[in-house]
Amino acid sequence: MDNNYRICCPCHFGLESVLKYEINKIGGTDLQVTDGKITFSGDMNTIARANLCLSTAERVLIELAEFEAHSFEDLFQGVKAIEFEQFIGEKNAFPVKGYSLNSDLHSVPDCQSIVKKAAVERLKEKYGISWFEETEAAVQIKVSLLKDICTIYLDTSGVG
């Protein structure tokens, strides 16, 4: 049984209609088109097809969570609640990238650091270890802060 995920594909402005056609063709459902991105639902097979077949998408991201974050504590607790253990193993590297626009939390380096710390705390509890080697494949975590709404993504596309 495969889980259903919310998938986000950013694209260049003006290519949304082409990307929508491509997503429909690979079996994406529940499409939501906004400027510069399309979100849709699909399983792991859909994610794989998206990475192979979507020529107009910049990346294929799994949306892990969306919540309000007005303080660093809000950010930490919101991220710590995410089930990272479904995607990140004990030895995986998990770097964090992000951006902030019109949000109370505007220091991107601080936000990235807090997201990393929250993910580490979550995984420490789940795996029962205190140190992460991060010697295996990288699983990129992306944080988006837009008007105090934090969205956490997992990048499935890998290195360009």
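Analyst: Let us begin with helix α1, whose buried residues pack against β1 (5-10), β2 (29-34), β3 (37-42) and α2 (44-53). Contact means heavy atoms within 4.5 Å. Helices (H or I, at least four residues) and strands (E, at least two) are DSSP runs, numbered from the N terminus. This is a predicted model, in which local features need pLDDT of at least 70, side-chain atom pairs count only at pLDDT 80 or more, and totals for chains, interfaces and linings use all residues. Residues are numbered from 1 along each chain as its sequence is written, and side-chain values use heavy atoms, with hydrogens and water left out.

User: Which residues of helix α1 are buried?

Analyst: An α-helix has 3.6 residues a turn, so residues three or four places apart point the same way. In α1 (residues 16-26), the buried residues are Glu16, Leu19, Glu22, Ile23 and Ile26; buried means under 20% relative accessible area, exposed over 50%, and partly exposed in between (1.4 Å probe, protein chains only). These residues cover an arc of only 120° around the axis, which places them on the same side of α1; the arc is that of the directions from the helix axis to the C-beta atoms. The face turned away from the buried side carries the exposed residues Ser17, Tyr21 and Lys25. Gly27, with a positive phi near 100°, follows α1.

User: Which residues other than glycine have a positive phi?

Analyst: Most residues other than glycine have a negative phi. Asp30, in strand β2, has a positive phi near 55°. Asp148, in the loop between β8 (141-146) and β9, has a positive phi near 70°. Is each buried or exposed? Asp30 is exposed, with a relative accessible area of 55%, whereas Asp148 is buried, at 13%.

User: How many aromatic pairs does the structure hold, and how is such a pair described?

Analyst: A pair of aromatic rings is described by the distance of the centres and the angle of the planes. Rings of Phe, Tyr and Trp (its six-membered ring) pair if their centres lie within 6.5 Å; planes under 30 degrees apart count as stacked, over 60 as edge-to-face and the rest as tilted. The structure holds two aromatic pairs. In one of them, the ring centres of Phe94 and Phe132 are 5.8 Å apart and the planes stand at 90°, so the pair is edge-to-face. This pair links distant parts of the chain, 38 residues apart: Phe94 is in the loop between β5 (92-93) and β6 (96-101), and Phe132 in the loop between α4 (108-127) and β7 (136-138). Both Phe94 and Phe132 are buried.

User: Which residue lies over the face of Phe94?

Analyst: A charge sits over a ring if NZ of Lys or CZ of Arg is within 6 Å of the ring centre and within 35 degrees of the ring normal. Lys116 lies over the face of Phe94, at 3.8 Å from the ring centre.

User: What does Glu58 contact beyond its neighbours in sequence?

Analyst: Glu58, in the loop between α2 and β4, is in contact with Pro10, Cys11 and His12 when neighbours within four places in sequence are left aside. At 42% relative accessibility, Glu58 counts as partly exposed.

User: How many helices and strands does the protein have?

Analyst: The protein has four helices and nine strands. Buried residues make up 42% of its 160 residues. Among contacts between residues at least 6 apart in sequence, 72% join residues at least 24 apart.
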